[in-house]
Amino acid sequence: MLQGKMGVCSASPGFILCMLLALWAPYGSFAFEADASQTVQLSIDSSAGRRIPDSLFGIFFEEINHAGAGGLWAELVSNRGFESGGSSTPSNMDPWTIIGNESSIFVKTELSSCFDRNKVALRMDILCDSESSSNVCPAGGVGVYNPGYWGMNIEEGKTYKVVLHIKSLEAVDLSVSFTSSDGMRQLASGKITGTSSQFSNWTKVEMLLQSKGTDHAGRLQLTTSRKGVIWLDQVSAMPLDTYKGHGFRKDLFSMLQDLKPRFIRFPGGCFVEGEWLRNAFRWRETIGPWEERSGHFGDVWFYWTDDGLGYYEFLQLSEDLGAVPIWVVNNGVGHRDQVATSNILPFVQDALDSIEFARGSADSKWGSVRAAMGHPEPFNLSHIAVGNEDCGKPYYRGNYLKFFYAIKDAYPDIKIISNCDGSSRQLDHPADMYDFHTYPNNANSMFSLSHQFDRTTRSSSGPKAFVSEYAVTGNDAGHGSFLAALAEAAFLIGLELNSDVVEMASYAPLFVNDNDRRWNPDAIVFNSWQQYGTPSYWMQHFFKESSGATLLQSTVQANSSVSLVASAITWQSSEDDGFYLRIKVVNYGSSAVNLKISVSGLSPNSINPTGSKKIILTSTNLMDENSFKEPNKVVPVVSALPNAATDMTVQLSPRSLNALDISLNPAIKPVYDLSI
């Protein structure tokens, strides 16, 4: 994730027009100004094609905006181990809050946990009693509550697993309950009881609570009316109905699944580097039992994460999505400090160990740790990105080379991604791919970037581009505008047309919790119980069939008025095994256009009009956004395409993204000259 914007020059409409007319990308890339009263001709040769990389379009997950902690990762308790205030005690235990007053309870953090990697625990001195004559506990008792991440979504009929660790010198009578946001209405409850001998040492307690009511901003309460001292640590609450029981919030996982991502890059972004290396993501500290994970403060995006969503869970997420994992490793470079190349070998070994964790046999040192976590078979880790946005920093190149040769020596098949941009000039170091990030601060600049890779040197052996972060930012983007999505669609069509030199692309950021917007815009917005896709999320749906499809040769004849960018692919549906011709067109101009389409290489009976459709993404206002109130204000609209034929005319609405899905006769399998 770029903290500063990449240098993309804004351009006047006249400059953009000159650039668009001057450039002609392979396989029919075009952008013209055409008079709306005239017909624009698009010619497609269905017999001439080139296979698009299988992994062209995917997703990028960064722990930003509480995307994982309080988002995709379904843990309801925030600061479950009381560690976020630091190891110097007493410390801030936020968002845990005391129930009761100074005369009834005294609460503080101590370094008394049974877990070596996270020593902070919570001590509660209960000063009142239910039977005391002088200090009677209030109704409901005293204790602490946790509101989760801006409220816990507790729903009627659903079951939640609560786990906590407890120690006491006296007998225990502790109530564990989910309540309404004000604590006045009980939604579910259970009891922990026992003698002092049963809880004299730290004891793990698990219980299932089924809710009898709903509150989207609920909280977890731990209360008692028995005088004594109780220690608490590692308190967790998770809904039982996570995806496959793997801990992923189902509604958010489903939105990712619907994109059909071919890869997932993780866990960042700047989150990988840290403002300081001491706060960088460390994979070793995020594996093993969740109670033993130390957690850490992400000092780039300024919040604590318990690392429940760790390296293992990211690999599991990739597998669940059927996506290639792209693991971004720290290369000894933070934002404010870095490790000299002469001292980098421990970081290199750390990366090699992480690969063994993912790919090693179940009897290898690190593979056995993975197997103990429940995954004896290796994960399909095939790509490593060395660092994030670190090219040009003093030690990056030297460090990168140490990583490159060590990884290639141990795992020759792994593709290694450099941070240095090779789109306009040749890299001075070996790489299988290079990272390209762009965040233009206006839509016109993004639209013009549809030609970014037209001039990239074509080489079968040269590194391919990984456009791992792109989005329109600034005023044109708002919190996720239709205008931004339209310009981004043009950019993706440009990547599709240049997919001989571009291998992967992903939007950024992926998620934002509406209560903690660290970056705008984002693809998916959520709170404790709701979610919606921004126009940029829905725009990506137009490209989810492109990976592994065949890009067809296309040309256009036009002059003046409306800006157009288009591509044509054929693909086979995994749902019905049918073959389809998909024509995507961005009309970026303010006038409607009559597009006359001519498809050669197919016989007239090749097309099935009854199975063909038109999909359009547009809106009455360029700055329209979706919201919790209007989640479907800007979404694709599907209609029939009854005039589907090898020769047809389609009217394109002003400022619109269009996809024409033309169904091909099931008896006809397209044959291409792939040498084109």
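Where is the place of H66? In this predicted model, H66 sits in the loop between β3 and β4.

Let's start with the overall picture. The chain's secondary structure comes to 10 helices and 34 strands. Its C-alpha trace spans about 95 × 55 × 50 Å along the principal axes. For 676 residues, a compact globule would have a radius of gyration near 26 Å, and the chain's 28 Å agrees with that. Buried residues make up 60% of the 676. If you take the contacts with a separation of 6 or more, 77% of them come from residues 24 or more positions apart.

Now for some helix packing. Two packed helices are described by the angle between their axes and the distance between the axes. Take helix α2 (residues 250-257) and helix α4 (residues 311-321): they pack at an angle of about 55 degrees, with their axes 10 Å apart. α2 and α4 are therefore oblique to each other, and their crossing is right-handed. On the α2 side the contact is made by F253, L256 and Q257, and on the α4 side by L317, D320 and L321. Sorted by class, that contact of α2 with α4 has 4 nonpolar, 1 polar and 1 charged residues.

Another pair to look at is helix α5 (residues 345-359) with helix α7 (residues 396-410), packed at an angle of about 35 degrees with axes 10 Å apart. Here too, α5 passes α7 in a right-handed crossing. F347, V348, A351, L352 and I355 of α5 meet K402, F403, A406, I407 and A410 of α7. By class, the contact of α5 with α7 has 9 nonpolar, no polar and 1 charged residues.

Most residues other than glycine have a negative phi, and most peptide bonds are trans. Back in the loop between β3 and β4, H66 has a positive phi of about 55 degrees although it is not a glycine. With a relative accessibility of 7%, under the 20% cut-off, H66 counts as buried. The loop between β3 (59-60) and β4 (97-99) also holds P95, which is joined to D94 by a cis peptide bond with omega of about 5 degrees.

Q234, in strand β14 (residues 228-239), isn't a glycine either, yet has a positive phi of about 45 degrees. At 2% relative accessibility, Q234 counts as buried. A cis peptide bond also joins F266 and P267, with omega about -5 degrees; P267 is found in the loop between β15 (263-266) and α3 (270-273).

Technical notes
Residues are numbered from 1 along each chain as its sequence is written. This is a predicted model: local features need pLDDT of at least 70, side-chain atom pairs count only at pLDDT 80 or more; totals for chains, interfaces and linings use all residues. Side-chain values use heavy atoms; hydrogens and water are left out. Axes are lines fitted to C-alpha atoms, for helices over the stretch in contact, and angles run from 0 to 180 degrees between N-to-C directions. Helices (H or I, at least four residues) and strands (E, at least two) are DSSP runs, numbered from the N terminus. Angles under 35 degrees count as roughly parallel, over 145 as roughly antiparallel, 65 to 115 as roughly perpendicular and the rest as oblique. A crossing is left-handed if the near helix is turned anticlockwise from the far one by less than a right angle, and right-handed if clockwise. Contact means heavy atoms within 4.5 Å. Ala, Val, Leu, Ile, Met, Phe, Trp, Tyr, Cys and Pro count as nonpolar, Asp, Glu, Lys and Arg as charged, and the others, Gly among them, as polar. The radius of gyration is taken over C-alpha atoms; the globule rule is 2.2 Å times the number of residues to the power 0.38. Buried means under 20% relative accessible area, exposed over 50%, partly exposed in between (1.4 Å probe, protein chains only).
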